[in-house]
Amino acid sequence: MPEEKDVDSAVKIAMSSPNYNSNRTEIAFFGGSFTAIDRDYMTKMLSVACKYVEKGIVSGIRISTRPDCIDREILNILKSYKVSAIELGAQSMIDTVLSLNQRGHTAQDVVNASRLIKEFGFELGLQMMTGLYGSDAEIDKNTAEKIIEIKPDTVRIYPTIILKNTNLGNLYLNGTYKPQTLEETVDICTSLLKMFEKADIKVIRLGLHSIENDAYLAGPWHPALKELCDNKRYRDNLDKCIQKKGNYDIFVAKNDVSKATGQKKSNINYFKNKGINIRILPDEKLNSYEFVIKEVK
């Protein structure tokens, strides 16, 4: 388990980064249910982190926990130690899916905990998973709709990855559970990104940062899942607008050239296979996902 010195070390590393900005730097206690651990240990770690908030070295403290491990007593403690953001591992908002995956909480627990967190003035983040056992693309969209109703400040989306020596791993090995393919995951996650964007809810993470090869069994892990979704979004939008074969210049926002081009020129090649040759060009006047198509004679 991390110790107090580990918090000090993490802050020192952050401060040495050329991109360090105290107004955008938080101390985060992630990777478990922070409010469910030993209370003395929790407050000891918070005490160390709190001093950096009080000194203005970081802007706040972010924690993740279970929806059923939130109550007024806990929130008062977190408030006293300058915690600014709480993320809940909702995973799904469908009780049958939560039960099948032995999550140990209900959708109503997510609603109740979210309401309390917002009442106490914390930034609220909700984490959801796609492709869980018993779920599918439409059920995942239903979860997203219910999350949008809660109106969190942020969302994280994690496709379900199967790890060795887990219940889900056993279900996979005996053929009971079939994970989403990478293509299916890109499809559903692209839809979810558009849903949350339309609701003005920021998606701060899509996909796992990394995964241990020794623990990985199966599932749609990709090191740049968000990029694949951005590529698909451009491809789908352009596909609706280019109706005939030919040559076209596509103007997009300067920072979106790689998104529109696609990984390994996947979008360029997609249209080329349809008899459509496109060039992706920057236009500083355009915003992200805006584009202008000009046919080249």
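Which strands and helices do the buried residues of helix 8 pack against? I started my notebook there, keeping in mind that this is a predicted model.

**Entry 1: helix 8**

I looked up the partners, and the buried residues of helix 8 pack against strand 4 (123-130), strand 5 (154-159) and strand 7 (202-206), plus helix 6 (137-150) and helix 9 (225-241). The buried residues themselves are Thr185, Val186, Ile188, Cys189, Thr190, Leu192, Leu193 and Phe196. I jotted down a reminder: an α-helix has 3.6 residues a turn, so residues three or four places apart point the same way.

Then I checked the length of helix 8, which runs over residues 182-198. At 1.5 Å a residue its 17 residues should span 24 Å, and the end C-alpha atoms are 24 Å apart, so the two agree. Asp200 follows helix 8, and its phi is positive, near 60°.

**Entry 2: the cores**

Next I went looking for nonpolar cores. The largest one has 53 residues, and Phe29, Leu75, Leu78, Ile86 and Phe196 have the most contacts inside it. Helix 2 (residues 39-54) gives the most to this core, with 8 residues. There is also a second, separate core of 13 residues, which includes Leu238, Ile250, Ala260 and Tyr289.

Phe196 was already on my list of buried residues in helix 8. Setting aside neighbours within four places in sequence, Phe29 is in contact with Val7, Phe34, Met45, Leu46, Ala49, Ile61, Arg62, Ile63 and Ser64.

**Entry 3: helix 1 on helix 2**

How do helix 1 and helix 2 pack, and at what angle? I found an angle of about 25° between helix 1 (residues 4-16) and helix 2, with their axes 9 Å apart. Since angles under 35 degrees count as roughly parallel, helix 1 is roughly parallel to helix 2. The crossing of helix 1 past helix 2 is right-handed.

I also wrote down who meets whom. From helix 1 come Glu4, Val7, Asp8 and Val11, and they meet Lys44, Met45, Val48, Ala49, Lys51 and Tyr52 in helix 2. Val7, Met45 and Ala49 also turn up among the contacts of Phe29.

**Entry 4: Ile204**

Last, I looked at Ile204, which lies in strand 7. Is Ile204 buried, exposed or partly exposed? With a relative accessible area of 30%, Ile204 is partly exposed, because buried would need under 20% and exposed over 50%.

Leaving out residues up to four places away in sequence, Ile204 touches Arg62, Glu87, Thr154, Val155 and Arg156. I also checked Ser266, 62 residues from Ile204 along the chain: their C-alpha atoms are separated by 25 Å.

Key. Residues numbered from 1 in each chain as written. Predicted model: local features only at pLDDT ≥ 70, side-chain atom pairs only at ≥ 80, totals over all residues. Heavy atoms only, no water. Helix = DSSP H or I, 4+ residues; strand = E, 2+ residues; numbered from the N terminus. Expected span 1.5 Å × (residues − 1). Buried < 20%, exposed > 50% of the residue type's maximum accessible area, 1.4 Å probe, protein only. Contact = heavy atoms within 4.5 Å. Core = buried A, V, L, I, M, F, W, Y, C linked by side-chain atoms within 4.5 Å. Axes fitted to C-alpha atoms, helices over the stretch in contact; angles between N-to-C directions. Parallel < 35°, antiparallel > 145°, perpendicular 65-115°, else oblique. Left-handed = near helix turned anticlockwise from the far one by under 90°.
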